[in-house]
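Biologist: I would like to learn how to read a model like this one. Please show me the structure, and we will take its features in turn.

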Amino acid sequence: MKKSLLAVLVASTFILGACSDDGDDGIDGINGVDGVDGVAGSDGTDGVSSFVTVDDVVATNANIAFAMYSDSLFTAQELMTALETLVANPSEATLAAAREAWLASREPYVQTEAYRFRGGPIDALLDDGTIGEDGEGPEGRINAWPLGEALIDYVAVEVDGDSEATSSETAVTGNIISNTTDFPDLSPTVVATFNELDGDERNVGTGYHAIEFLLWGQDLNADGSGSGERDATAGQRPASDYFTASTTGVNTCTSGDVAAADEICERRGEYLLSVAQVLVDDLQAVANAWAPEVGVHYTEFVQGGDTSLALILEGMGRLSFGELAGERINIALRTDSQEDEHSCFSDNTHRDIFLDAQSVQIMYTGSYTRVDGSVVEGASINDLLVVEGEPELANTMRAALEATMASATVIDTLANTGTPFDVLIQEGITQPNVVAVIVNLVEQTDVIEQVIDALNVTTNDIRQDTEENLG
Amino acid sequence: MKRKGVIWACLILCIVACGETKHAPPFDESELKPGGEMTSKRVSKRTFVNAGEGIPSMAELNFWTGFSLFRDPWVTAPSTTKDRDGLGPLFNTRSCISCHLDGARGNAENEGIVLPSALIIRLNPFEDRNLVDPVYGGQFQPRAIPLQHASWGAKLLGEGKLKLSYSEIEGAYADGEKYSLRKPSYELVELNYGELHKGIGISPRFAPVIYGAGLIDAIDESDFIALEDVNDEDNNGISAKYNRVQDAQTGETRIGRFGLKGLHSTLRQQVAGAFKNDIGINNTIFPGDVCTETQVACEKASEFGGQKGPEIPDKLLDLVMDFSRWIGVPPARQLTEGVAQDGRELFFKSGCVNCHTPSFTTSQDYADPYLSGQKIYPYSDFALHDMGEGLADNTLENDANGNEWRTPPLWGLGLQINYRSSATFLHDGRANTLSEAILWHGGEGEQSKQAFINMNKHDRDALVVFLKSI
C-alpha cells in the first residue's frame, strides 16, 4: 500500500522537473587550449533554459532525494525478504542470494550520501518524525562504521596476525548473540537501542554494516586464518551459522569453525531480521520526510531558496572532500592502513567510493537513474550557473565531476577484476589511480567553492541572526 | 612583533592597578578575525568544525581525515578494523565528538543517577599532591566493554555512576531584577570497586570547546611568564599564576596551558591524555592501560584485546593533531555594531580584561607555519585564578589549588549558544546563560562580578551582546 503511494508521488516529480523555454542565443565559445578557436555557440533551442530559478533547482534536488530514499527503501525491503528466506531455509544458495540482495541495497543508498552533512532528515530526523539537531538523526543507526563486531557475534582469535588469544576456547564471550542473560530479547524494538548500548551514543550494533557482518563474517583469508597477508577474498561465514534444528532436522548449528548450541543460530537469525527491520523502518521514515508536498523536510526545503541551495552545495563539498577524499581514501594513503575500509566484511568498498562520487555528480546534474531504470531529472545547478552568466564555470564543474568519476571507475574496475580495495591499498598506496581520485576530488571541491561564490549563496551563512538569541 | 600583545595586556593591567578609568583601546579591524589567518572562512549555521582559512586544500584533506578519527567511535578489540579498535576496557565515552559536539561542548547531563560522558570526574587529592586513588586511578570511568571470560575471575564492570542534583540560589542585581543560579552537587554512587580513598576528592569537568586550540599551543611560553603575577605585586587583586607541569615526553617542567586547571603543557599531550583516560586508547605519550592493579578483569580484558603497540599509532594521532590544530576560530559577528561596542567598553572598564587578556600574537617560531605569527583574540591569559568558594572543587592538581581554575578563552561564545538547545558554561557546565556564568565569578573575579551586578539593564545586556559577538 505504501509502495504504490510512493510510486505515485515519484511520478509527479517528473512534471516538476521541466523548466526550459525556447532558449536564447548561446554564448561564444572560448579559445581552445591547443590554440584552436572554439566553435561559436549556436542558437539555443532545446538546450539549457534561461528561466531556471533557484527554486527549480531546489525542487529537483528534493524530488531526487525522495526517489533515492524510496529506492533505498525498496531494495532494503527486498533484502529483508531475502534474509527471511535465509533464516527460514538456510543454505549456501539462500546465503548467496541474501548477500546479493545486500549488495543491491547498497547501490541506491550510497548514492544518497550527498544528502548528509546538511542538517537533513538523515542527520536530524527524530523518532517522533520531527527535525531535531544535526547528529540526532538515524544515520548512525543506518550506516555507522566501524562496527566493533566483537560485540555482536563471535570473532576470530586472530585478525591480521594481531592477537594474544591462541584458540577458540580462549576467545572472549559476552557478545550479544551468545549472551542470553543480558540480552534475552532480540526484537527490533530492543535491537534499535543497541546503537546506544550502555547509555552511550555510537556503539554500532545496527545498520547495513551489521547485516554485512552477519552475512559475510570477518574478512579473513580464504583458509579462514587471520594471519599473513590479506588475500582477495571477502568474509567466509558459512551457511551453517544459520542452521537450526527446526530448519535442518538436527542440531548442526555452527559459529564459524566450531559447533554451537542450536539457540545461538536461532538468535543469530533473529538478530539479523531485527536489524533489517530497523533499517527498513528508518529508511521509511527518511523517505517520508522527503515525500513531495507532505514530507516534514520536503515542504521546508523547497521553500528555502538560497538557503537550501547552499545546503546542496555544502553537502556536495563535504562529501567530496572530508568524507570521500579524506576519510575513505586519504586515510589509507596517509597511514598505509590495511583494513581501513568501509564495507570491510564484503569487500564492497570500491562501490562505496564509486557511488559516493556519483552522488555528488547527481546533485550537480539534477539527474538520477532509478533502480528500475527510469530517470528523475529537472533543473540543475549546471542550468542555474549558465542562466546566471557563468557558463565557463558550469563547464569546469561538469568536467571536474567527470574526471572524478573516471578515476573512481578505475578503482571499481580493479575490484571487479580481482583487486578489491583492501588489497589495492596494501599494494602501495602511491599508485596513480588511487592518488588520482583524491586529487580529482580536491580539485572538484575547489570548483564547488567557486560555484558557491558565483551563486552568492554564502550571505545567509555569514550573517548570523543573533538578534533573536540575545538576552 | 610578537611581544605587542603582551605589552598591550601589561598596559591594561597597569591602568587597572592605578585605579584610573579603564577605557577600551580603539577598535581594531583585526578583532573581526579572532583567529587571524586561522579564522574560519564562513560562520556555519551549526558547527565549529571548519578548517581555518589559511589551510590550503591538500592540507585541509588531512584536517578532514583527522576529523573522521575524531568523529568515529572506537570499537572493542579484536575487530576487523584494527586501526579503529582498543576501546577501554574502562572508559568514559567512545568517540571524541560525543563530548565535543560540533567542536563545542557536549550534551549536558540530566539530573539524577547518570552515566556521564561529556562530564568527566577527575579524582584528585585533597592535601597530598602525590596521592592517586589506588583503585580508581586519576579518573572515574563509568563504562566498561561488555566482554568477559571465565579466566578473568570477575565480571568486568564500569566504575560506578554519578548522582547529580541541582539547587537554586536566588539573587538580585542592584536595580532589583532577580536572578537564579543553579548549584550542582555531585556524588559517586553504585561504586563497583569499593569506596574512594579518603584523601581523594572529585573534580567534575565538562568537556571544553576545541576550536582555536592550535593557536593556543602556538603562544610563546615567555608571553605567559610576562603576565605572571603570583603575589599580586601590581596590587590589582588579581594574581596570575601558571600551573607548572611535567611534559610527559621530555620530562621538562613547563607551563600547563591546556585542561581546565592547566594540567597539560602541549596540545598533543592534552589530546593523547584524552584518548587514554576518556576512551581508553593508549598511545606513545601515554602507554599502558587504564586499569589499576586491583582492577583484574580490566587488565585481563586489555590483554585479550591483543593489541601490539599503541592503540592509536602516531600515524593516526598525527592526523587527529592536524584536525585539532587547524580547526578554525569563527569570525566575529556584529562586533562593530553600537551595542556590542558599548559592551566592549564595559568589558574593559569592569576589569574583565585583567584575566580575559584580549589578544596575543602567536610565536614566529612555532613549528606549524599556518599557526605562527598570528594576531589572535582568545580573551584569556590561560593562567590559574582563585575563583572563590562557589566554584571550588577543593582538590589539588599540581600547583592548582581547590579554588583555582584556568581562565577559559571566550572566542566563539555566542555561537555555542546557537548550536545547542541548552547552553553550558563554566568548568562543569552549571551555567545556562552568560549572565549566570558571570554571576558565578568569585575570588579574583569578585570585583568584576560586582561591577556587573551594579550595572543597569542596558549595560548588562550590552556586555552580553559583546560576549556573543567575539
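Modeller: We will go through disulfides, a core and a helix.
Modeller: This is a predicted model, where local features need pLDDT of at least 70, side-chain atom pairs count only at pLDDT 80 or more, and totals for chains, interfaces and linings use all residues. Residues are numbered from 1 along each chain as its sequence is written, chains are lettered from A and ligands numbered from 1 in the order in which they are written, and side-chain values use heavy atoms, with hydrogens and water left out.

Biologist: How many disulfides does the structure hold?

Modeller: A disulfide is a covalent bond between the sulfur atoms of two cysteines. The cut-off here is a pair of cysteine sulfur atoms within 2.5 Å. Over all chains there are two. One pairs A:C253 with A:C265, with sulfurs 2.0 Å apart. The other joins B:C291 to B:C298, also 2.0 Å from S to S.

Biologist: Why is the disulfide of A:C253 and A:C265 right-handed?

Modeller: Its torsion about the S-S bond is about 90°, so the A:C253 and A:C265 link is right-handed. For B:C291 and B:C298 the angle is -70°, a left-handed link.

Biologist: Are A:C253 and A:C265 buried or exposed?

Modeller: Buried means under 20% relative accessible area, exposed over 50%, and partly exposed in between (1.4 Å probe, protein chains only). Both A:C253 and A:C265 are buried. B:C291 and B:C298 are buried too.

Biologist: Which residues touch the most other members of the largest nonpolar core?

Modeller: A nonpolar core is a set of buried Ala, Val, Leu, Ile, Met, Phe, Trp, Tyr and Cys residues joined through side-chain atoms within 4.5 Å. The largest has 96 residues, and A:I211, A:L215, A:Y271, A:L309, A:L313 and A:I381 touch the most other members. Helix α2 (residues 54-88) of chain A gives the largest share, 17 residues.

Biologist: How far does helix α14 of chain A reach?

Modeller: Helices are DSSP runs (H or I, at least four residues), as are strands (E, at least two), numbered from the N terminus. The expected span of a helix is 1.5 Å times one less than its number of residues. α14 of chain A (residues 391-416) has 26 residues and reaches 37 Å from first C-alpha to last, close to the expected 38 Å. Its buried residues include A:L393, A:M397 and A:I411. After α14 of chain A comes A:G418, with a positive phi near 105°.
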